[in-house]
Every structure is written in structure tokens, then in C-alpha cells.
Amino acid sequence: MNVTALREHWDEANARVLQRKAQLDAMLGDSQRYEARRRDADAWLSRMEARLAAMQPPANTADVLEMQLREQKSFHAEVHQYKHQIELFGQLTQRLIAVYRNDDTTRIKRSTEAINHRYNELNNSIVARGKALHSAVSSLQNFDRSLENFVAWLSEAESLLDAAERDPHLLKVSDDILIRTGE
């Protein structure tokens, strides 16, 4: 009877060990998939962060600003397109946390939070750069309008000076008008 109880205990222990081995094998596979996706996301983020860092500040000329805006739009679209991969990575993390709730998952939580944080920072930096480029375009357009107004005023002033040189009496009348109007 003692041998039978020992045999049953052995069979139960062996079944639990085999079950845990299967669980650990599955965990290893999931961990390897997770790590591969984490490395891919990390490498992609590093490339995008480097591209962003290499971008020149907003230019002072319309043609270069136009090129920078096109580059910005394309870059932002590429980063936005990768958002789905970041979401899938987050879903994988959540699934692993749920499946292995009895195991320590703090490392994958922190890794995923770091990836998400980097993606959000990248996206925010791109949006800020886009705003800076649009602001530069607006400033350039305002400058162009001011310059056009100044050139028109200067042309008008030169015409008045030419007319005054031809007729000095006109200058005297213009001075009297300016003095009376308080200008």
C-alpha cells in the first residue's frame, strides 16, 4: 500500500513538473517573441530619433522651408504609421502579464513603458517641429508683406522727392500740410 501511495505521489509530482516545464517552454517562446519585438521597436525608435536629431532648424528661405515641410509631413506619416506596431507591442505585453500573472513581469512592464514613452516623445517632438516650421513660414510671409509695404512706401517717397526736386514750391506746401495735420 505504501508503494502505491508513493507511486501516485510520484505520478502527481511528475505531472506537475511536466506541466510547469510546458509552461516554462511556452514562457521562453513568448519571452523570445517579446524580446524580438522589443529590439525591433528599440532599433526603429533609435533610427527615427537620430533622423529627427539630424534635421536642420527651420530655414529662412521659402524654398528650403517648403522642402522641410514636405520632409516633416513624410516623416510624421512614417512615425504615425508605426503606431500600430507600438499598439501591438503593448497588447503582447498585456497578454503576457495576464498569462503569467503568477510570475514576475515587472521587467516587461518597464520595457514596454519605456518604448511607449520614447514613441510619445518622438511624436511630440515631431509635432513641435511641425509647429516651428509653420511658424517660420508664417513669419516669412509676414516679413514679405512688410517688405512689400515698405518698398511701396519707399517708391512713393522717392516719387514725392522727385516731384519736389522738380517743383520746390510743392515741398513747401507739403511741409505746411504736414505741420497743420500734426504729422
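Visitor: What share of the 183 residues is buried?
Guide: Buried residues make up 23% of the 183 in this predicted model; buried means under 20% relative accessible area, exposed over 50%, and partly exposed in between, with a 1.4 Å probe and protein chains only. As it is a predicted model, local features need pLDDT of at least 70 and side-chain atom pairs count only at pLDDT 80 or more, while totals for chains, interfaces and linings use all residues. Residues are numbered from 1 along each chain as its sequence is written, and side-chain values use heavy atoms, with hydrogens and water left out.

Visitor: How many helices and strands are there?
Guide: The protein has four helices and zero strands. These are DSSP runs numbered from the N terminus, with H or I over at least four residues for helices and E over at least two for strands.

Visitor: Compact globule or more spread out?
Guide: More spread out, because the radius of gyration is 36 Å, well over the 16 Å that the globule rule gives for 183 residues. That radius is taken over C-alpha atoms, and the rule is 2.2 Å times the number of residues to the power 0.38. The C-alpha trace spans about 135 × 30 × 20 Å along its principal axes.

Visitor: Which residues have the most contacts inside the largest nonpolar core?
Guide: Trp-44, Phe-75, Val-79 and Leu-122, in a core of 21 residues. A nonpolar core is a set of buried Ala, Val, Leu, Ile, Met, Phe, Trp, Tyr and Cys residues joined through side-chain atoms within 4.5 Å. Helix 1 (2–54), helix 2 (62–99) and helix 3 each supply at least two residues of this core. The largest share, eight residues, comes from helix 2.

Visitor: What does Val-79 touch?
Guide: Leaving out residues up to four places away in sequence, Val-79 touches Trp-44, Met-48, Tyr-119, Leu-122, Asn-123 and Ile-126. Contact means heavy atoms within 4.5 Å.

Visitor: On to the surface. Which residues form the nonpolar patch?
Guide: Phe-143, Leu-147, Phe-150, Val-151, Trp-153 and Leu-154, with about 600 Å² of accessible area together. Areas come from the Shrake-Rupley method with a 1.4 Å probe, and for residues only the protein chains shown count as cover. Patch residues have over 30% relative accessible area and no salt bridge; like charges are joined within 9 Å, nonpolar side chains (Val, Leu, Ile, Met, Phe, Trp, Tyr) within 5 Å. A salt bridge is a side-chain nitrogen of Lys or Arg within 4 Å of a carboxyl oxygen of Asp or Glu.

Visitor: Where is Phe-143 placed?
Guide: Phe-143 is in helix 3, residues 106–166.
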